[in-house]
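Thanks for coming. I have one model to go through today, so please look at the sequence and structure while I talk.

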Amino acid sequence: MEKYDIAILGGGPGGYIAAIRAAQLGAKVVLIEKDKLGGTCINRGCIPTKAIIACTNLYEKMQKAESFGISANKTAIDLKKVIDRKNEVVKKLVKGIDFLLRKNKIDVIFGTGKVLEAGKVEIGKLIVESRKLILATGSSPASLPGINFDKDNFLCSDDLLEYRPIPEKLNIIGGGVIGIHFAQIYSALGTEITVYEALPEILAGVDEEIVGEVKKILKRKKVNVLTGTNFDPAKSSGKTLISIGRTPNLIGIEALNLKMEKRSVWVNEKMETSVSGIYAVGDLVSKKMLAHVAYEQGVIAAENALGGSRTFSYDCVPFGIYTHPEIGAVGMTEKEAREKYQNIKIGKFPFIALGIAKAMGEIEGFIKVISDENNRIVGVHILGPEATDQIGMATIAVKNGLKVEQLAETFQSHPTYPEGLQEAALNVLKRSLHIIN
Ligand code: FAD
């Protein structure tokens with residue numbers, strides 16, 4: 001077999017994007033995937049959860065139909081059909097990735113890859129040789145000591161994305177993003193939920209003020225949140241989702257004896273591992289297990305493997321959480337900004353004061369813009385309608401070190417949600433027009 005320029009292990013967001021970028025640069029590329037193209041993100045993560053949340057959000061909204069002048073008194077949700085729709089969405093996206101890989105002339109080998117040594121991967125009886133190797137094997141749900149995911153009492157996020165009758169009660173161990181996503185879904189389905197979080201607060205890494213508001217919203221939805229609480233599985237009754245984090249997938253790469261950083265593979269900012277010619281990206285290495293981090297790291301690894309010199313930084317990683325209303329955030333939280341700078345400035349704008357939010361019936365939440373003493377925007381946090389989309393504009397501001405004035409004086413189309421971001425920036429300058437500063 002002809003030697004490849006680059007072999008990539010794992011066809012999730014980190015791997016398939018690295019493959020496409022390397023092919024764009026003219027490399028001969030092979031991608032090895034043991035399961036389905038798209039990895040966790042498309043098959044068991046970002047997309048399936050959002051496809052289900054689209055249904056539960058609509059279901060919740062239909063229950064308020066009367067307030068929009070619509071009679072819909074016989075609303076019902078069929079979880080089987082919701083899951084079927086989710087499966088269709090996933091199937092189409094996986095097909096799309098297959099199409100992209102073929103059009104980019106990337107060879108795809110389905111099977112479990114085992115790295116024998118740098119530049120040599122074994123897949124069953126086949127041995128693939130390459131000049132460079134990018135590892136993108138991702139991660140799997142972590143469990144508690146002594147507890148196995150049995151698909152009955154103890155479940156992981158993968159299990160709850162397949163059809164099973166709606167449980168009357170669901171314990172969720174871990175109040176991180178994944179746990180709160182499932183609390184959102186199952187509370188809409190009428191399940192009684194208790195979230196157990198060992199840390200003093202849920203949603204680690206999210207601005208404290210936003211977390212406070214989310215807890216109020218969850219309480220209203222009858223989600224019981226117990227923080228600072230270690231769950232005792234022996235006392236559990238009903239079904240329990242364990243969402244305490246994810247473990248990097250190291251099986252198949254042991255022979256390389258790579259330097260590690262806690263449970264992850266160590267890489268430098270160029271995505272190089274401790275072994276020359278071997279790169280690693282995504283959940284396998286990441287300090288932030290997010291699909292867009294994997295994408296960006298995949299691009300950088302591919303470019304560097306082909307002679308580039310790009311670096312990855314965790315300084316400006318936006319994220320979205322699909323609670324209802326949503327959360328979108330980028331940059332420093334208020335606490336982090338106070339720790340870093342002597343004087344910070346904060347501007348806020350509530351959605352209740354925004355025309356479009358009133359028209360759409362989505363008035364809950366607010367936007368918060370944080371700047372340093374020189375008015376440089378260092379963080380933006382949104383709880384409210386379309387927050388996960390709105391954060392895109394804020395990301396441009398934080399990434400490019402824009403000043404509050406630049407955001408405040410970029411006037412937006414009316415009536416739209418981004419007007420709220422402009423108003424929050426104006427509020428930093430005490431110049432908001434639709435609230436009293
Ligand atoms: P993965 O997507 O895990 O892909 C790794 C691939 O490698 C897999 O396909 C696996 O089969 C394959 N593989 C592993 N070992 C081998 C081997 N030896 N040989 C061949 N193939 C192998 N992120 C967001 O940014 N936004 C979200 O809204 C979001 N929601 C999520 C919701 C849930 C429930 C979960 C679980 C995750 C969510 N994520 C989200 C995280 C996101 O899915 C991951 O960060 C992303 O998929 C990581 O990409 P990756 O390429 O590193 O790994």
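P415 lies in the loop between helix 12 (404–408) and helix 13 (418–428). Helices here are DSSP runs of H or I with at least four residues, strands are runs of E with at least two, and both are numbered from the N terminus. The peptide bond from H414 to P415 is cis, with omega near -5°. There is a cis bond from H324 to P325 as well, with omega near 5°, and P325 sits in the loop between strand 17 and strand 18. E386, in the loop between strand 21 and helix 11, has a positive phi, near 55°, and is not a glycine. For context, most residues other than glycine have a negative phi, and most peptide bonds are trans.

A word on conventions. This is a predicted model, where local features need pLDDT of at least 70 and side-chain atom pairs count only at pLDDT 80 or more, while totals for chains, interfaces and linings use all residues. Residues are numbered from 1 along each chain as its sequence is written, and side-chain values use heavy atoms, with hydrogens and water left out.

Five strands form an open antiparallel sheet in the order 17-18-21-20-19; two strands pair if DSSP finds at least two bridges between them. Strand 17 (319–321) and strand 19 (345–350) are at the edges with a single partner strand each, so one side of each has no neighbour in the sheet. On average, neighbouring strands are turned by 10° against each other, direction ignored. Axes are lines fitted to C-alpha atoms, for helices over the stretch in contact, and angles run from 0 to 180 degrees between N-to-C directions. Strand 20 (366–371) and strand 21 (377–384) run antiparallel and are joined by six bridges, with F366 opposite L383. Helix 11 (387–399) packs on this sheet, touching strands 17, 18, 20 and 21, and its direction makes about 10° with that of strand 18. Contact means heavy atoms within 4.5 Å.

The other sheet is open too, with five strands in the order 8-12-9-10-11 and parallel pairing. Its edge strands are strand 8 (154–155) and strand 11 (223–227), each pairing on one side only. Strand 9 (169–173) and strand 12 (239–242) pair over four bridges, and N171 stands opposite T240. Helix 6 (177–188) packs on the sheet, touching strands 9, 10, 11 and 12, and its direction makes about 170° with that of strand 10.

A polar side-chain atom of D283 lies 2.8 Å from a ligand oxygen. A polar backbone atom of A291 is also 2.8 Å from an oxygen atom of the ligand. The protein covers 95% of the 1000 Å² of accessible area that the ligand has on its own, by the Shrake-Rupley method with a 1.4 Å probe.

Notes: Polar contact = N/O pair within 3.5 Å; in protein donor to acceptor, adjacent residues only side chain to side chain.
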